[in-house]
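Colleague: Good morning. May I go through some of the side chains with you?

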Amino acid sequence: MQKALLAVDDLRDEYTREMALVRQNYERTGDGTAAIRRRSSVVDRLLIELWKRAFADQPGVNATLLALGGYGRKDLFPYSDIDILFVFADEKVELQTHEAVRAIIQSLWDIGLRASPNARTLKEAGRFDPDNLEFTLATLDHRFLAGQFPLYQKLHQEVIPGLVLSQWNTITQKLSELARARHAKYGNTIFHLEPNLKECPGGLRDYHLALWFALLFHLKDEREWPRQRGGVFQSARGDAETAFDFLASVRCFLHFRHGRDDNALDWQSQDEAAANSVGLETRGTADPSYWMRTYFRHARIIYRRAVLLMEHLPAPVSFYKQFRRRRTPIAGTDFYLDQGRIDINPGAQFNDTGAILRVFSLMAAHGYALSQTAEDRITDALPVLAIQIPEGPYLWNALREVLLGPHAAHALRTMHALGVLEMLIPEFHGIDALVIRDSYHRYTVDEHTFLVIDNVHQLRQPSAEFERRLGQLIQEIDRLDLFMLSLLMHDTGKARKTGDHAVTSVEFADSLMARLDFDAEEREVVRRLIRMHLEMSQALRRDIFDIENVRGFAEKIGSPTLLKMLALMTYADIKAVHPDALTPWKAENLWQLYMATANFMDRSVDEVRYHAAIDPTLLNRIRAMVPPAQFDSLKNFLEGLPQRYMQTRLPEQIRSHFLLAHELADDPAQLDLHPHANLFDLTVVTRDRSQLFADVAGTLAAWGMNIVKADAFSNDAGIIVDSFQFTDTYRTLELNPDEKVRFIANLHDVIAQKLSVEQLLARRSHHGQTANFKVEVGTRLEFDSTSSSHSTLLQVVAQDGPGLLRRIALALNQHKCNIEVALIDTEGESAIDVFYLTKNGIKLDESEQQSLAKTLTASLEGMRLAMKA
């Protein structure tokens, strides 16, 4: 007989009142841990009462109700599901209680709780399902709620421990696999612009991962449940508990803010959390960068501890290896090496910093990791070690060994996390978890520094041609140790929010070098490299094939050795900004700038324009690819093209462009479109005309394409070779293959002046949509008539958006400016475009620059405001 629904109006009202109090208390105190504990208690009372009502006519039924998962840990967040488990003595009891159980579950939903129920007989509860590891993990965090306590005791003391111990290897291996897959999904890093508070590395899932591993290890070793859940995971300093309290407060904030189980810490949530000092000890308003700095510090603690426990899993050992000696003492220390992990003797006393530095040099050389015990012992001993900090050559030799090791970044991260690095180099403390809060910089400044060092060491095992070429420079640097020290210190000046950070970094490096007893020559090498570490990045924003730019850059650098170090530093620095910052295009430009500058220093600089009479080598190489009847046409095509074009194209690409130019007599607009990685490459070959660049850019904008790179070239015959790299924002070409034909036809007709760009823009469905900017970028214009002997440089920094390049090109056309070279780049939400301009064959004078600036500013600011509105 079907059981009548339970009356729950009073319980619904009680839950509503209690949750209102939970929210009020949270908003008053900011204590997320207290909030989740209180909600757990509220739900406990409701479920106990529901059990009483449902089983009022079966008071002695042999069944029990358990809380599982987060609810079982009493970590019930405001909108989290209610994980519960009904356990029955046998199938007969399960059948007998079916309607009562169904009534309890229905009542939970009626009250307003999202129930996630499970039901097992006692026998079923002891079976392991390898395809449902989540259920087994949830049972690790079980708690008695109602029903027959003896049945619960049997489950708690016999069934669950028996299942875990019998399947221990399978459970731990599968748990490790799931964790590694989740970490890989998020790039194996805690550093995300908009992290998921639960799933990202260093989030709450990793906190629970550490608890599970600690519990599993304890059950295996002690054969019983621990008296204090999570005690193996926590350290004496309580840093993991503090990190959890912070994350708990933030997750409560997100749940209340969104009114649902939403754990995405997006940009706007970060602003609001900082404004309310969510999770901080002090109330009031905090800077968003400071608030995110706190988040990353806590995430780092949790991530490290979770990974250390996960890596504590014993590796499979072969039959023969089990007879080999496992522990190898590290000479002169109380540490020993055990299967790739460094541990410490239980009775060791810390009073020698040198011994610890030897351990870190081994980590840098071989990639070894410290055990959790060793890490905790080192951190606890810091006050004693700090009394006698080594200085002078002794300290430098120890640091030098770490910096030169292939795993230097790994060793330095560990030193930093344990406080050893700051003890030795206090100047580094200012950039600990320091956030540069924009949409371009992915990592905190300290992590960025470690990535820079890692990027240089990884050049010893290159995976791309540009890495192989740059890697060769490492062997040519005499003082690689000074170079690596410069990398370690190059951004420490960012700790001061005002002034030139390179100047401040030099000041901090000077302070360190004084303690290391560096001589004047060594100090100057480090000073110059840090002081000039941005010069090559800035030079890349100019035409790197312009002889005057190369001359100016070479004169500023002065030394071939410094040039090599700057090339490596610039490569590593750009690559460490975020995973996609260093494109193959940028890497190739960096190499070309290095080569051009090195050649200039050797007094063998290339010509600005190509002339077959001066250098017939390229002409002869491409002649072999075309019929003899086209030799003269090929020579005319190449004549007068910029060297930049020649040096950035393969001979096969140049031949392809020539063949397109050869067809101009039959069709005035020649196009080549093909996908390239996540972008599309478009080449336009046609005869020069007014507003050509603007029309192509406008057509791409009309189709919703986002231009990320572009350049423009012309030869002496007035043939234009324009190249555009763009993303298909709305995946039009991917999802609608037939549209590619219409897209190319539109481009063709616009270039041939058979179709107006304005017509395309007018019917563009995406045009005029409001943009949601994370970071607002103001418009900045810079003119430079000194860097080039024949052109005026215009650099435009503006908010990136649809149609931006067309607006710029139209303004240039309105002032009758000819674009000699265009270099288009995008960083995050900033467009950074450089144009080499002439008017009537000469540079722009002062009045022409002012007039053009006025037009551009009005146009671009109008566009930015329109997108924002």
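**Aromatic rings and a serine**

Colleague: Is Tyr152 buried or exposed?
Modeller: Tyr152 is buried, as its relative accessible area is 9% (buried means under 20%, exposed over 50%, partly exposed in between, with a 1.4 Å probe and protein chains only). This is a predicted model, in which local features need pLDDT of at least 70 and side-chain atom pairs pLDDT 80 or more, while totals for chains, interfaces and linings use all residues. Residues are numbered from 1 along each chain as its sequence is written, and side-chain values use heavy atoms, without hydrogens and water.

Colleague: How many aromatic pairs are there in the whole structure?
Modeller: The search finds 21 (Phe, Tyr or six-membered Trp rings with centres within 6.5 Å; planes under 30 degrees apart are stacked, over 60 edge-to-face, the rest tilted). One of them joins Phe149 and Tyr152, a tilted pair with 5.5 Å between centres and 35° between planes.

Colleague: Why are those two about one helical turn apart?
Modeller: Phe149 and Tyr152 are three residues apart in helix H8, residues 149-166, and therefore about one helical turn separates them (helices are DSSP runs, H or I, of at least four residues, numbered from the N terminus). Phe149 is partly exposed, with 37% relative accessibility, whereas Tyr152 is buried.

Colleague: What about Trp396 and Phe518?
Modeller: The ring centres of Trp396 and Phe518 are 5.0 Å apart and the planes meet at 70°, so this pair is edge-to-face. Trp396 belongs to helix H17 (392-404), and Phe518 to the loop between helix H23 (501-515) and helix H24 (520-531), so the pair ties together parts 122 residues apart in sequence. Trp396 is buried at 7% relative accessibility, and Phe518 is buried at 6%.

Colleague: Which residues form an aromatic cluster?
Modeller: Phe191, Tyr295, Phe296 and Tyr443 form one cluster.

Colleague: Changing topic, where is Ser249 found?
Modeller: Ser249 is part of helix H11, which covers residues 239-258. The relative accessible area of Ser249 is 1%, so this residue is buried.

Colleague: And which residues is Ser249 in contact with?
Modeller: Apart from neighbours within four places in sequence, Ser249 is in contact with Tyr26, Gly30, Gly32, Val278 and Gly279 (contact means heavy atoms within 4.5 Å).
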